[in-house]
Amino acid sequence: MTFDLATASNHLASTSQEWWRSAVIYQVYPRSFSDSNGDGIGDLPGITARLDSLATLGIDAVWLSPFMRSPQKDAGYDVSDYKDVDPLFGNLADFDAMVARAHELGLRILVDLVPNHTSDQHRWFQDALIEIEGSAERDFYHFKDGRGLNGELPPNNWLSLFGGPAWTRITNPDGTAGQWYLHLFDSSQPDLNWANPKVQEAFEDILKFWLDRGVDGFRVDQPHAMAKAEGLPDHPDVERAGAGFIEGEASPPMWFQEEVHPIFRKWRKILDSYDGDRAMCGEAYVLPLTFMAKWVRPDEFNQTFNFRFLNSDWNAKTLFDNINESFEAFDGVGAPSTWVLNNHDVLRHASRFGGLNIKPTDSDGVGPNDPQPDRELGLRRARGATLMMLALPGSSYLYQGEELGLPEHTTLAPEFRQDPTFARTNGARVGRDGCRVPLPWEAGVGAANGFNQTGKSWLPQPDIYAEYSRDQQDGVEGSTLELYKHALKVRKELALGEGSFEWVNEFVGEKVLGFRNGDILVVHNFGHAPIELPAGQIIASSLHQMTNGHPLVADQTVWLRLVVA
Ligand code: GLC
Ligand code: CA
């Protein structure tokens, strides 16, 4: 195992003032954050009522997963009206009230935009179904004739990311079998045809609609999927045929086609034409990071999610390499690196690091019949990981509930599963529901610990969630919530997000990683033996029993202000 310090990355402190370069952005998953009317599904008024708890946490911005009108086949990532709020979550007036309250509290709001596909209930798709082949309406999507004698075979070999073929055949209004339409996700999520200028115009209009309502920007879903290779050719690898890409494979026909870039340049111009400093973060699942960096060139996205970092196993060598790759790639184009350990699609880090060696990419869930993660170990490591992440210069993403140290719901019974992945794979993949369970706020208030007053909950919480409730941690020394609050406060005071980065040679190896951000030394112990630290003042520790002068124990991260001679 080599840790090549000679070629490792350094990063200079940022001189640009844009907020998004160093922001901590908190992802709210609306249906699971807070439920104001007791129907078991979180909503916008519920979020508004609890925004002050996010201001106290010390984050800068909130990204909301989709709340737009949707039949909810993929938890809102299937939009049927981009300019309205789904009645499940409230209405546009509730949205405006939420934005106003957030701005009052100094929090920015980013909304999730889903441009690769619509819901099959969207008017555009419904119109396409009743119109004839080759019509302008059909041209909004990818409709093609099937192969085989009677068109009974799908037009190409592409697979859905949620399992099964990426094509569904329609029935014509007269009852005969018709063309096929493309869906890289569920059959209820037809892919839009981004080569059609009308689709492009429609989305520019949608961007303006939300910008006019005061949003500070967007998180853009699946932007790397939007353009498809001309003629929709077969994927060369028949086995995989596009169900996700393999790093290094020659340009897969459905991912990261060059034609997407001019679209985002246009979007960036639109955002920049508004007052304030609006920003967009693309979920560009493109690796290696030098490739992803093309998406954050100065006139494209402001940020992309650092999936390399998210996919790191918790070991020193992987993190060393991934952090180097991050600075090298993003510094190369003048963009901030982002850092992220959790979102609504991956196993929560407090469970991922619980000794089972699960990568977010290996599995999208753990079910009752799988080996169960070690909760205590997972939380110790998760706290260490977060404290390390929050000292890295750039912008960090947090996902609701991680500030409580919430574990994944790993014993959710099959009858509650809602993620389409579960049904489409006949349960072979349990799916992502385990990280999407409603938050516990006040222990013992209803069956869902204060998520609402009725105890109804679209996914049941596991019993153990009561002990993680926010009220059990608020103001309690050593709690995970207080650790996050403290780290976010110190991060801001010391401007660590805008800071510099360099590895500290004596703390780089298989058992330890250490780096400096200005005069703050950040060290994590990946081994078992305690590690002596240099003289200095501990300003944050992932395990609260740490006091000055004590060695660093297993799984612990500290921030230490070095004594400058
Ligand atoms: C993104 C979302 C995920 C959704 C998919 C399809 O990956 O994060 O939740 O299922 O896109 O829209
Ligand atoms: Ca509700």
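What follows is a short tour by topic. Keep in mind that this is a predicted model.

**Around ligand 1**

- Ligand 1 has 13 residues around it, and the ones that come nearest are Asp74, Asp221, Glu283, His344 and Asp345.
- Sorted by class, that shell holds 7 charged residues, along with 3 polar and 3 nonpolar ones.
- Glutamate 283 has a side-chain N or O atom 2.7 Å from an oxygen atom of ligand 1.
- For histidine 344, the distance from a side-chain N or O atom to an oxygen atom of the ligand is 2.8 Å.
- Arginine 432 also takes part, with a side-chain N or O atom 3.0 Å from an oxygen atom of ligand 1.
- How much of ligand 1 does the protein bury? On its own the ligand exposes 310 Å², and the protein buries 97% of that.

- Helix α3 spans residues 123–130, and its buried residues are Trp124, Phe125 and Ala128.
- These three sit on the same side of α3 because they cover an arc of only 95° around the axis.
- As a rule, an α-helix has 3.6 residues a turn, so residues three or four places apart point the same way.
- Turn to the other side of α3 and you'll find Arg123 and Ile130, which are exposed.
- What do the buried residues of α3 pack against? Their partners are the strands β4 (81–85), β6 (143–144) and β8 (177–182), plus helix α4 (197–212).

- Look for asparagine 302 in the loop that runs between α6 (289–292) and β11 (303–304).
- Its relative accessible area is 2%, so asparagine 302 counts as buried.
- The side chain of asparagine 302 reaches the backbone nitrogen of methionine 280, at 2.8 Å.
- Beyond its neighbours within four places in sequence, asparagine 302 touches several residues, including Trp20, Arg268, Val296 and Pro336.
- Asparagine 311 belongs to another stretch, the loop between α7 (307–310) and α8 (316–331).
- Is asparagine 311 buried or exposed? With 11% relative accessibility, asparagine 311 counts as buried.
- The side chains of asparagine 311 and tyrosine 285 make a polar contact at 2.9 Å.

**Arginine 348**

- Arginine 348 sits in the loop joining β12 (338–340) and α9 (349–352).
- A polar atom of the arginine 348 side chain lies 2.8 Å from the backbone oxygen of glutamine 400.
- Setting aside neighbours within four places in sequence, the contacts of arginine 348 include Asn342, Tyr399, Glu402, Glu408 and Cys435.
- Along the chain, arginine 348 and alanine 382 are 34 residues apart, while their C-alpha atoms are separated by 9.1 Å.

**Proline 440**

- Proline 440 is in the loop between α11 (420–424) and α12 (470–473).
- Its relative accessibility is 0%, so proline 440 counts as buried.
- Which residues does proline 440 contact, leaving aside those within four places in sequence? Among them are Leu404, Ala448, Gln461, Tyr468 and Arg470.
- Leu406 and Tyr465 are in contact with proline 440, and both are also in contact with arginine 348.
- Proline 440 and serine 351 lie 89 residues apart in sequence, and their C-alpha atoms are 17 Å apart in space.

Key:
Residues are numbered from 1 along each chain as its sequence is written. Chains are lettered from A and ligands numbered from 1 in the order in which they are written. This is a predicted model: local features need pLDDT of at least 70, side-chain atom pairs count only at pLDDT 80 or more; totals for chains, interfaces and linings use all residues. Side-chain values use heavy atoms; hydrogens and water are left out. Buried means under 20% relative accessible area, exposed over 50%, partly exposed in between (1.4 Å probe, protein chains only). Helices (H or I, at least four residues) and strands (E, at least two) are DSSP runs, numbered from the N terminus. The arc is that of the directions from the helix axis to the C-beta atoms. Contact means heavy atoms within 4.5 Å. A residue is near a molecule or strand if one of its heavy atoms lies within 4 Å of it. A polar contact is a pair of N or O atoms within 3.5 Å; within protein, one must be able to donate a hydrogen and the other to accept it, and residues adjacent in sequence count only if both atoms are side-chain atoms. Accessible areas come from the Shrake-Rupley method with a 1.4 Å probe; for residues, only the protein chains shown count as cover. Ala, Val, Leu, Ile, Met, Phe, Trp, Tyr, Cys and Pro count as nonpolar, Asp, Glu, Lys and Arg as charged, and the others, Gly among them, as polar.
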